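The following paragraphs examine the charged side-chain pairs of a protein model and then turn to its pockets. Please keep the sequence and the structure in view while reading.

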Amino acid sequence: GPGTPGNTYGGAGHAGEGSAGAGHAGGPAYGDLAAPFQPGSGGGTESDAGEGGGAIRIVASGCVTVEGILRANGHKWYSTHGPGGSGGSIWISCDTLAGAGLVQARGGDGHYLGGAGSGGRIALDYNSASQASCSEPVPAVRFDGLPGAPESRNLDRFPAGLGSLWLPDRLWLDAPLSGKRLYGVRLCLPEWSLWETDDLKLDDCIVGLHPGVGLNITNHLVLT
């Protein structure tokens with residue numbers, strides 16, 4: 001895929017760059033934030049590298065209920081020094097979203113000198129007015145784009161990139177961010193350049209911001 005590095009040891013990129021391995025760079029980032037359709041990429045250039053995750057596309061005129069797991073994960077290494085593949089794509093278009101399941105596009109781990117794969121891309125495209133009028137406007141669905149991890153023996157410590165999560169509005173940002181609700185994802189919203197809030201508490205969540213987006217907290221920031 002487009003995120004496969006042109007060397008043996010680098011992890012694959014997708015939403016971000018893959019991590020380096022044995023001094024060789026990881027693969028580049030690629031894909032569309034709001035309309036991700038490409039699968040992930042394999043790591044490295046040898047057979048010991050993990051494959052990239054697949055691509056999931058859901059289009060519904062009504063409500064999409066996620067109670068299980070939607071998964072497009074990159075695969076980890078297969079043998080010594082193998083790099084990881086990058087997460088794939090999950091793109092959901094619907095009127096409303098409900099449920100308490102998991103939407104996941106993780107990157108694959110690297111082994112020994114092998115780099116790790118970047119997280120994949122997730123996009124949620126619901127009708128903002130319809131979603132806001134639901135009895136539970138922010139359901140307990142969790143989003144996970146955690147990148148793979150290199151081993152401690154890999155001295156190239158620059159990590160693989162987080163996955164990306166596209167949201168049509170800030171409903172999720174105004175809800176309690178706890179219990180891995182947002183885990184290993186960089187947030188992206190339409191025409192969003194500044195996240196302003198009085199208080200922000202992240203409890204067992206890992207959240208990044210798309211490049212160019214600032215964060216302004218008036219009162220308290222709590223990380224637990």
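A residue is called buried when its relative accessible area is under 20%, exposed when over 50%, and partly exposed in between, with a 1.4 Å probe and protein chains only. The model is predicted: local features need pLDDT of at least 70, side-chain atom pairs count only at pLDDT 80 or more, and totals for chains, interfaces and linings use all residues. Residues are numbered from 1 along each chain as its sequence is written, and side-chain values use heavy atoms, with hydrogens and water left out.

Side chains of opposite charge can pair when their charged atoms come close. The structure contains 3 salt bridges, a salt bridge being a side-chain nitrogen of Lys or Arg within 4 Å of a carboxyl oxygen of Asp or Glu.

One of them joins the side chains of aspartate 144 and arginine 106, at 2.9 Å from N to O. This pair links distant parts of the chain, 38 residues apart: aspartate 144 lies in strand β8 (residues 142-144), arginine 106 in the loop between β6 (102-104) and β7 (121-125). Strands (E, at least two residues) and helices (H or I, at least four) are DSSP runs, numbered from the N terminus. Aspartate 144 is buried, with a relative accessible area of 5%, whereas arginine 106 is partly exposed at 27%.

Another salt bridge connects aspartate 204 with lysine 180, again through their side chains, at 2.9 Å from N to O. Here too, distant parts of the chain are linked: aspartate 204 is in the loop between β12 (194-203) and β13 (206-209), and lysine 180 is in the loop between β10 (177-178) and β11 (182-188), 24 residues apart. Aspartate 204 is partly exposed, with a relative accessible area of 31%, and lysine 180 is partly exposed at 30%.

A further salt bridge is formed by the side chains of aspartate 174 and arginine 170, at 3.0 Å from N to O. Aspartate 174 is exposed, its relative accessible area being 55%, while arginine 170 is partly exposed at 30%.

Asp174 also belongs to the lining of the largest pocket, whose other residues include Leu173, Trp195 and Lys201. Which strand supplies the largest share of this lining? That share, 6 residues, comes from β12; β10 and β12 each contribute at least two residues.

Note on methods
1 Å grid on protein atoms, 1.4 Å probe; cavity = no way out; pocket = protein on both sides within 12 Å on 5 of 7 lines; lining within 4 Å.
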